[in-house]
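Please look over the structure below before reading the points.

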Amino acid sequence: MIDNGLLVQMLIGALLGLSVYLPLAAGQLSLATPAFYAVGGTLAALLSTRWSALGATADGGFPVPSLLLEMALGGLLAGLLALLVGRLVLRLQGIYLAIATIALVEIVRVAILNLPFTGGAVGIFAIPQPFATAAGYLLPALALLAVAGWLCQRLERMPLGRAMAAIRDDELAARCMGIDTTRVKLSAFVLSAVLAGSTGALAAHFLNTWNARQGSFDASITTLAFVILGGSRTWLGPVVGGLLLTALPELLRPVGDVRLVLFGLVILLGPVLAPQGLITPALLERLGGWGLRSATDRKTEEAQP
Amino acid sequence: MIETLLQTLLNGAASGGVYALVALGYTLVFSVLGVINFAQGALFSVGGYLTFLLMGGRIGVNGALPGWGLPGGLPFWLALLLAAAGSGLVGLLVERVAFAPLRRRNAEPLLALITSLGAGVVLVNLLQLLMGAEGYAFPHGSDALGGLPDALVIAGARIRTIQLLLLLISAAAVLALSLWLERSRGGRALRAVAEDATTAQLLGIHSEAMVRLAFFLSGALAGLGGGLIGVSVSLPGPYFGIGYGLKGLAVLVLGGLGSVPGAIAGGLLMGLAEALVPSEASGWRDALAFAILFVVLLLRPRGLLGRRTVEKV
Amino acid sequence: MSQPLLEVRELSRRFGGLLAVDRVSFAVQPGEIFGLIGPNGAGKTTLFNLISGVTPPSSGAVLWRGEPITGQPPHRLNRLGLARTFQNLRLFEGLSVLENVLVALQRRPRSSAAGGLLNSAGHRRAERQRLQAAWQLLEELGLTALAERQAGTLAYGDRRRLEMARALATGPSLLLLDEPAAGLNPAEKDQLCQLIGGLRQRHQLTVIIIEHHVPLLMRLCDRMAVLDFGVRIALGTPEEVRRDPQVIEAYLGTGGHAS
């Protein structure tokens, strides 16, 4: 049922879930992840098909170091875009920010559709392959997810991560405690964009073709659903949400055309049945013995006089 | 030259009217619950397909019941009215499954974005199961518009009757709704709930009933928009409402969340701005709404006519 | 007189047609406990919001050690050494008591984000220092036993003290306390009085305190100002203020709060 190709897609889903989670951990509902994903993917698709120095071979092969370089560049470009856009949109609050980021996604989508060098509705195809099979993509996808998870885990024990949690609870109080909230929110937004951009670069090679449909409003909401259904209070929530919800439509394939209706029902009923999402801090507390316990707990015991 | 301009302006005003309908639908729900109903775009699709079926359209080969259709075929205006009412009922259903359970639990408002979108996904895919993914065109000619000619000549310009009807009907709907909100008992009750649900409750206004009323009206407005666009352009597939739903969202914010005059002004502005995009750049037209929205949000973070709120410390 | 730590000059704030704060001036000396009293709606909290940068003033100036700081954002003012609590309590309710204090210890000491990500030796040392400082503050405010509790689940008096611990964690020279005794019983009010006096000693604090409970203020404050309808109607030692005829008429005379 779950082949290597689906596994890679699931990992990509988990990565995008984390990208939505990062700003949300600082209280910012940003739906811009698909825009940054599209930017990273488009950059990788263009570079690998147009720039021969990266080493694409005539039979469609591609060196792995070039893939890693593209992932870095995709993240960098998306991060720069986030730095520019974030300064403007992060002044907006709540639903206004959400809608402004939807607008960003639509603008990027229409731009990719209409720019003279991105291949229009068809997009860019025959993107060279660094790996002969889908299994090859598992390693870089897992590595990126490991880096992202480690980043989120570290954040919990750092001033930046604590500031994000404080802003999520009460932005004004955080400002009065000396936290430069603009900077913290921007950091979370840029981290989210870098992650989505790198993921996009990897996904472009994996999918072989890349077009404007990769970053659309639908994707904004599905990636948000990863976080809400998985649980938005810990970083494991979006990972689990991304893995499960990406697999779901494929696993439902045997039921035929009804599967998208069922997928919609899951999104509709999930928040009603589990408002906190699947993975909650309380659940992790119960799993404490397995070493998943929240970081501060352990540290406080060490430092207690 | 003048003729083209007149035509362009009419086209712009006509689609602007439809955007205003969708945005008003969002506004109604937003005013009473403070949340966005993301199923609005799907209800737009539902309205389009209902109108098609009520006018006697038959299901295509990829649908669940190929060749099936409702017996007879209603005149355009009656079909439109019934389809709007039908979409309103579907809107009520959306409220029941996607909003009411969360409200009862006092859940985070953010969750309603997800559940309502889930409801939208279900609706659109049910439409696809029933009708297939293919496009549908409405019958044209004098039959379709109940005996009206297909085009009129006004001041030397040839104007499609349906465009004019689109403008008139959406203007009438918008006007009727604003008057109703302003003057009638029900409308005042709805606004009272929007202002302050607890006080309204004390005054004996049943806010749950008002919430349902808002969802019915909101669904009806979306359905009306879908029917009008369907008759005027065609039904390109079950997903066609989503795009209008998004434009409506842009209009909603442009005008300021919760503002009725803002939704109308924003809709017209957006429709006209799009109509004025030269045809060489038509591919970029879909981004225009969002580019305008982006700029407006940055200059006026609460929309053109939005209310300013001061945070209490 | 030495240079005041904080001075407000002709400070005004208008909300629509209402002048919430009307050309208020006073200066607070280093080490002082300065009281602000006045009936409800007199503009006390608005004045705190103007001083702490939460609301920009319509006119007038705020000076910090003689330098103008009017209109600076709250986080910058906090880094200068100005911390506050909130009348309606604004804790980070989803975080633990300890985390609430740690958030405010962001910059004491500073550590780089890169060091944090790599868990460098410098970062670990900084974290240890922050934790030590946090535990010390919790101890000082009697919150040690509650350290792991979620702030949203605390009892009222504990929340008030956690707000003070959090404000102190930012290392202020000036502490603005907005009705710290509200909702406390007489015994707790007594304890609070002693606590504030002790904190001033140990942290070399200057304190401005808004309070309705006049006897408490009279006992605690070196000097005080009285606001009525946004206007400062009196300024002086508790004894001077008590004898001021305008104050007796506008505030104490009503009897309601004086008991």
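1. Helix H1 (residues 44–51) of chain C lies across S1, S2 and S4 of chain C and runs at about 65° to S2(C). Helices (H or I, at least four residues) and strands (E, at least two) are DSSP runs, numbered from the N terminus. Axes are lines fitted to C-alpha atoms, for helices over the stretch in contact, with angles from 0 to 180 degrees between N-to-C directions. Residues are in contact if their C-beta atoms, placed from the backbone, lie within 7 Å.

2. This is a predicted model, where local features need pLDDT of at least 70 and side-chain atom pairs count only at pLDDT 80 or more, while totals for chains, interfaces and linings use all residues. Residues are numbered from 1 along each chain as its sequence is written, and chains are lettered from A and ligands numbered from 1 in the order in which they are written.

3. In chain C, four strands form an open sheet, ordered S2-S1-S4-S5, with antiparallel pairing. Strands pair if DSSP finds at least two bridges between them. Strand S2 (18–28) and strand S5 (67–68) of chain C are at the edges with a single partner strand each, so one side of each has no neighbour in the sheet.

4. S1 (residues 6–15) and S4 (residues 59–64) of chain C run antiparallel and are joined by five bridges. Leu6(C) stands opposite Trp64(C) in S4(C).

5. The contact between chains B and A takes 37 residues from chain B and 34 residues from chain A. On the chain B side, H4(B) gives the most, with twelve residues.

How values were computed: Contact = placed C-beta atoms within 7 Å.
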